[in-house]
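Reader: I am new to this structure and would like a close look at a single part, the place where the chains meet.

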Amino acid sequence: MIICENLAFSYEGVNVLSDVSFEIKSGEYICIVGENGSGKSTLVKGILGLKNPSSGRIIYDGISKKDIGYLPQYSQSKCDFPSSVYEVVLSGRLNSMRGRAFFNKEDKAEAQKAMQLMDILRIKRQNFSELSGGQKQRVLLARALCSAKKLIVLDEPASGLDPKVSYDMYSLVKRINSELGITILMVSHDIRSAIEFSSHILHLNKTQTFYGEKEAYVESEIGKNYLCIWGCEHHVH
Amino acid sequence: MFIDAIIEIFSHSFMVRALITGLFISITASILGVSLVLKRYSMIGDGLSHVGFGALAISTALGFAPLVVAVPVVIIAAFFLLRLSNNAKTKGDAAIALISTSSLAFGVLAVSLSGANSDLNSYLFGSIISVSKLDMYLSVALSALVVVIYSLLYNRIFAVTFDEDFTSATGTNTGAYNMLIANLTAFTVVLGMRVLGALLISSLIIFPCLTAMRVFKTYKSVVICACVLSAVTFLVGLVASFMLKTPTGATIVLANLIAYLVFFVIGKARGKIHIKAKGA
């Protein structure tokens, strides 16, 4: 549904990512992995149209922005924003409104459904900014679900969450993928969960160093090395 | 006695004009203010008012009709200020301060060169007597426009204000909405300067939202509360300034400050009760 051809991105003339070519096919669950500063978030922003590539092209085949849901990287800036959980989730239906000024019954029903799936119905009236990190991410995932018809893009949905809450988050994403058939493109720090849940791995290190099925990744040189670094780190802790 | 005073105040036709103009401008400013404050664009309102002052002063000095020059200039300024604050690399807040103080300097120079010092005061601090019938009609029309646009685009404006990246990524032209808010703010600032003055107009934008946020926690309730607050504080400030013979603009800002402090205390008290209830 989305094809990236020889993509490159730069900030202020400095190349941060180059030679990225891969294809997102319907139903896949793709994890983008790599070190900090390897260009993961930049690539995601490019695919979402938030940042223009410096060269290469992105072909959208049978998908438009209105079919996409997005869970941005966690930011502190919303910490004093007055809004209820329901207001936030419902705002995900914006791209289904077309010319309408107000949300209709269907929009509200979809928001209700998304909140039910994320198990946040009982905090519907609460203030978004006062929720815990894990609850906030569930709310934002519910919003992404409301706006997604075909694809959800997630940028480190579990950063800053404890292991149990992270695992729940990844499981929810997996359910969205397998039960609702929504394609997933996720930036992740957590290589173990990436291997466990995804179907494909895209490994970036300023350039594309691996793209393929996760089974092949685990057997590849780069995959083995990367997994080893993580394994060793975990061992030390 | 209080009723008598009010009846007396509004027996002057200029006070009725000030009341209507100010009330409509206050409500408009407070609605736009919610988006500006939450998007951290408060400085844009401030910058626009200084540019507005410069433009008004220069156009008066050159003998043009003030609004005809000021409105387009401020709209162009809104465009640039928005670009500046979106561009993290150029230190947006410093650049805005640069533009606003320069405009202030140009305005002061223009007024002093044209030799009308009383005008300087009325631009900087507002002058109730200078509110004309045209100002009144324009502000009523503008307010009606803002309220209608805001209501129709309410859900979109909420989404753009809450999370611009998400809203843009999922297919909404967020730049257009930012521009719309900045343009409406530009109009509001220029019209409101006649009542409150260039130095104080941005308080109409910032105060009601901040005050409402102390107590209310959903977007809709903050917008509604900000509207009500701005109307009440304007009314109280206007009447008080007339009775106490104090400058109107400053009195209205003080009324806003008092409201803020009251809401601050209520918010704190509520927070404590909330925490206690949770702990029990």
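How many residues does the contact take from chain A and from chain B?

Author: This is a predicted model, in which local features need pLDDT of at least 70 and side-chain atom pairs count only at pLDDT 80 or more, while totals for chains, interfaces and linings use all residues. Residues are numbered from 1 along each chain as its sequence is written, chains are lettered from A and ligands numbered from 1 in the order in which they are written, and side-chain values use heavy atoms, with hydrogens and water left out.

The contact (heavy atoms within 4.5 Å) takes 37 residues from chain A and 28 residues from chain B. Between them about 2700 Å² is buried, 62% of it from carbon and sulfur atoms; buried area is the accessible area (1.4 Å probe) that two parts lose on being put together, summed over both. On the chain A side, A:F81, A:P82 and A:L94 lose the most area to chain B, and together they make up 25% of what that side buries.

Charged side chains also take part. Two salt bridges are counted between chain A and chain B, a salt bridge being a side-chain nitrogen of Lys or Arg within 4 Å of a carboxyl oxygen of Asp or Glu. B:D163 forms a salt bridge with A:R143, and their closest N and O atoms are 2.8 Å apart.

Leaving aside neighbours within four places in sequence, B:L48 is in contact with B:V74, B:A77, B:A78, B:L81, B:A182, B:T185, B:A186 and B:V189.
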